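Student: I have a new model open and want to read it from the fold down to single side chains. Can we go through it step by step?

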Amino acid sequence: MATLIAMKRVSVAEAKNTLPALLHEAESEPVEIVRRGKPVAVILSRANYDRLRDKNEGLWSALERFRAKHDLDELNAATAFEGLRERKAQSRPVRW
């Protein structure tokens with residue numbers, strides 16, 4: 001997933017012993033399986049899998065889905081990128 005999501009991480013042994021519970025958790029958020037501390041697999045819901053496989057989703061429908069899922073006022077987009085870019089005293093000239 002390109003989107004950085006805080007996922008639950010479990011070892012292969014734990015996944016083997018708790019698979020039914022992990023499948024239930026995966027319906028709401030992905031579960032990462034690690035072997036010797038390295039990620040090897042992710043369990044995700046069928047709905048998320050189908051969404052990732054859908055190559056026909058365009059930008060507009062993805063934007064609508066994002067807006068339905070997130071409260072834009074709560075995200076405070078005006079300050080979301082503060083401090084990410086160093087401000088220079090002089091900017092580059094812009095040609096029109």
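Tutor: Keep in mind that this is a predicted model. From the N terminus on, the protein chain runs β-α-α-β-β-α-α-α. That makes five helices and three strands.

Student: What share of the 96 residues of the protein chain counts as buried?

Tutor: A residue counts as buried under 20% relative accessible area. The protein chain has 96 residues, and the share that counts as buried is 12%.

Student: Which residue meets Lys-8 in a salt bridge?

Tutor: Lys-8 lies in strand β1 (residues 8-11), and its partner lies in helix α2 (residues 19-26), so the pair ties together parts 17 residues apart in sequence. Lys-8 is partly exposed, at 31% relative accessible area. The N to O distance is 3.0 Å, and the partner is Glu-25.

Student: Is Glu-32 buried or exposed?

Tutor: Glu-32 is found in strand β2 (residues 31-35). Beyond four places away in sequence, the residues it touches include Met-7, Val-10, Pro-39 and Val-42. The cut-off for buried is under 20%. Glu-32 has a relative accessible area of 13%, so Glu-32 is buried.

Student: Which side chain forms a salt bridge with Glu-32?

Tutor: The N to O distance in this salt bridge between Glu-32 and Arg-9 is 3.2 Å. Arg-9 lies in strand β1 and Glu-32 in strand β2, so the pair ties together parts 23 residues apart in sequence.

Student: Where do Arg-46 and Asp-50 lie?

Tutor: Arg-46 forms a salt bridge with Asp-50, with the closest N and O atoms 2.9 Å apart. Arg-46 counts as exposed at 58%, and Asp-50 as partly exposed at 36%. The two are four residues apart, about one turn of the helix, and both lie in helix α3 (residues 46-53).

Student: How many salt bridges does the count come to?

Tutor: Lys-8 pairs with Glu-25. Arg-9 pairs with Glu-32, and Arg-46 with Asp-50. The count of salt bridges comes to three.

Student: Which residues make the nonpolar surface patch of about 250 Å²?

Tutor: Take Leu-72, placed in helix α5 (residues 72-75). A patch residue needs over 30% relative accessible area. Leu-72 is partly exposed, at 41%. The patch is made by Phe-66, Leu-72 and Leu-75.

Technical notes
Residues numbered from 1 in each chain as written. Predicted model: local features only at pLDDT ≥ 70, side-chain atom pairs only at ≥ 80, totals over all residues. Heavy atoms only, no water. Buried < 20%, exposed > 50% of the residue type's maximum accessible area, 1.4 Å probe, protein only. Contact = heavy atoms within 4.5 Å. Patch = residues over 30% accessible without salt bridge, like charges linked within 9 Å, V, L, I, M, F, W, Y side chains within 5 Å. Areas by Shrake-Rupley, 256 points an atom, 1.4 Å probe, with all protein chains shown as cover. Salt bridge = Lys/Arg side-chain N within 4 Å of Asp/Glu carboxyl O.
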